[in-house]
Amino acid sequence: MKRHPGPREKLEKEQELCYCDLMKRLIMISISLLMMTTGLFAQEAQDQMDDKGVYILAAYEFDIDGSTRESALIREMDLKAGTEFETLEDLEQAVSRQQQDLINLRVFNEVSLTLLEGESKGDDTVYRALVKAEDSWTIYPIPYPKYSSDDGFRLGLKTFYDNAFGTLNDLYLGLNITFRDDEYYDQWKVTQWTFNPQLNGVKMGGLQYDFSFMQEYAIDEKKEDGEYVERYNYHSTSVSVGTRLNFGLENKFYYRIQPSIGANYAYSGLGYEGNEEPLFLGFNHSAGYSKVDWMGNFRQGFSTSVGNSLRYVHSSHKKDEFKTSIDGNVNYYHILNPRMNYTTRLYGIMSLNDELTGLGSNLRGVEGSTMFGRGGLFYSNDMNFAVIKWKGVGEAQFQPFFDIGFAIEEGSSMDWGEDLRYSTGADFILYLDKLKGLHARASIGVDLSSDLPFNDINKYGIEITSSLAY
């Protein structure tokens, strides 16, 4: 028989229902209050952000002493008008960085960026920047004699026209001829010549392009135990175009590509059979990071890169070939004081399916043709001393060095006693104040790993050139 609840049980049931209903109401009220509070805080935060405003680089003003065009500077600068910053400090740092980038072009005697007094527009502050630039003399034909114990005597003409016609594009024409007492032919002979016009730094569509044409009479050599195992000349014609994409923090990361097409022909000499490249298509690309600044005639900073070279060789009398290699380097520059600059470099290269020659050229004082193989690793240490500073004229630097490295020969195991090569010596470098993009370097090195006595001239390497070692 079903039992009905009594009066007391009915009262307890009603009290329980009332309690549950009260708890539901309290929870709903708490959620509503929480949502209202969160909304108020969010609105207050948004209002604070809206009230804060931003700092805007609205435009540039220019004061140019020379032929450099305002449009060329605007195109060159990565910091564009209209860029917004959260703080004034961020804006000032960006302007300072852009000034250093213009200094690094080495085409101005003086160049500066200065923020002018800001103007308030609502919650924002708007600034203009004054660009002051004094052009350096940037067109100079340089006839030069050059000597290298590897290559012989060279007579050449380098014509530079940096900032050509005020465009910040660079024109270059290289002409040279090399001759020496050729051991293979036992007579004085022209062994190399080059005709190389270039147009560099051309900005199009947000990218910068370099164009190059090369016509040359080239040489390839390989020595073992002082005797030639390969020594041949050939003619070569090629064209290439390269571009570089900058990205990342301060645009210091980059990716560079350089496709090319060319032909080698008219081979003569010893050991070229099987090495001919009648027609080739090349694709070189590399990626890296570079933050190196010029401070006067010293450098400060760090750079690194890794590259890959792809080469397709077509021939009518043998099977087509595909050659590839990889290389990488790390460079470091540190200014110790106004007269001392420490620099160092680590460089490595490896070919996956072809032999590399002339690897000894990566070690100053070592004959290039004596190191060859599938790859190598090379390390350089330099201490740069500014021994003469003549304001308004130039600077002379003395740079002792120590280089060490090895090459891995094809089909043989590593023999440290034979394959490790090292040298020491000094570079003498001259900079001219009025020609920022020009310097001259004379290098004298001694191959410490060679068995030749110190009174043998072949133990030494001498080079006179217009480029730095790295």
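**Entry 1: terms and model**

I began with the elements: helices (H or I, at least four residues) and strands (E, at least two) are DSSP runs, numbered from the N terminus. I noted that the model is predicted, that local features need pLDDT of at least 70, that side-chain atom pairs count only at pLDDT 80 or more, and that totals for chains, interfaces and linings use all residues. Residues are numbered from 1 along each chain as its sequence is written, and side-chain values use heavy atoms, with hydrogens and water left out.

I looked up the confidence, given as pLDDT (the predictor's confidence in each residue, from 0 to 100), and found a mean of 88 for the protein, with 89% of its residues at 70 or more. Among the elements, helix α1 (residues 7–52) has the lowest mean pLDDT, 57, whereas strand β16 (residues 340–351) has the highest, 98.

**Entry 2: the whole protein**

I read off four helices and 21 strands. Of the 470 residues, 37% are buried, where buried means under 20% relative accessible area, exposed over 50%, and partly exposed in between (1.4 Å probe, protein chains only). For contacts (heavy atoms within 4.5 Å), I noted that residues 24 or more positions apart account for 55% of those with a separation of 6 or more.

**Entry 3: serine 240**

Beyond its neighbours within four places in sequence, serine 240 touches Asp210, Phe211, Ser212, Gln258, Pro259 and Ser260. With glutamine 258, the serine 240 side chain makes a side-chain to side-chain polar contact at 3.2 Å; such a contact is a pair of N or O atoms within 3.5 Å, where within protein one must be able to donate a hydrogen and the other to accept it, and residues adjacent in sequence count only if both atoms are side-chain atoms.

**Entry 4: salt bridges**

I turned to salt bridges (a side-chain nitrogen of Lys or Arg within 4 Å of a carboxyl oxygen of Asp or Glu), of which the count comes to 21. Side chains of opposite charge can pair when their charged atoms come close.

I first checked glutamate 277 and lysine 323, whose side chains meet at 2.9 Å, N to O. Glutamate 277 lies in the loop between β12 (253–270) and β13 (279–295) and lysine 323 in strand β15 (residues 321–337), so the pair ties together parts that are 46 residues apart in sequence. Glutamate 277 is buried at 9% relative accessible area, and lysine 323 is likewise buried at 9%.

I then checked aspartate 382 and arginine 364, which form a salt bridge at 2.9 Å, N to O. This pair links distant parts of the chain, with aspartate 382 in strand β17 and arginine 364 in the loop between β16 and β17, 18 residues apart. Aspartate 382 is buried at 1% relative accessibility, and arginine 364 is buried at 9%. Both belong to a network of salt bridges that also links Asp403, Asp427, Arg441 and Glu463.
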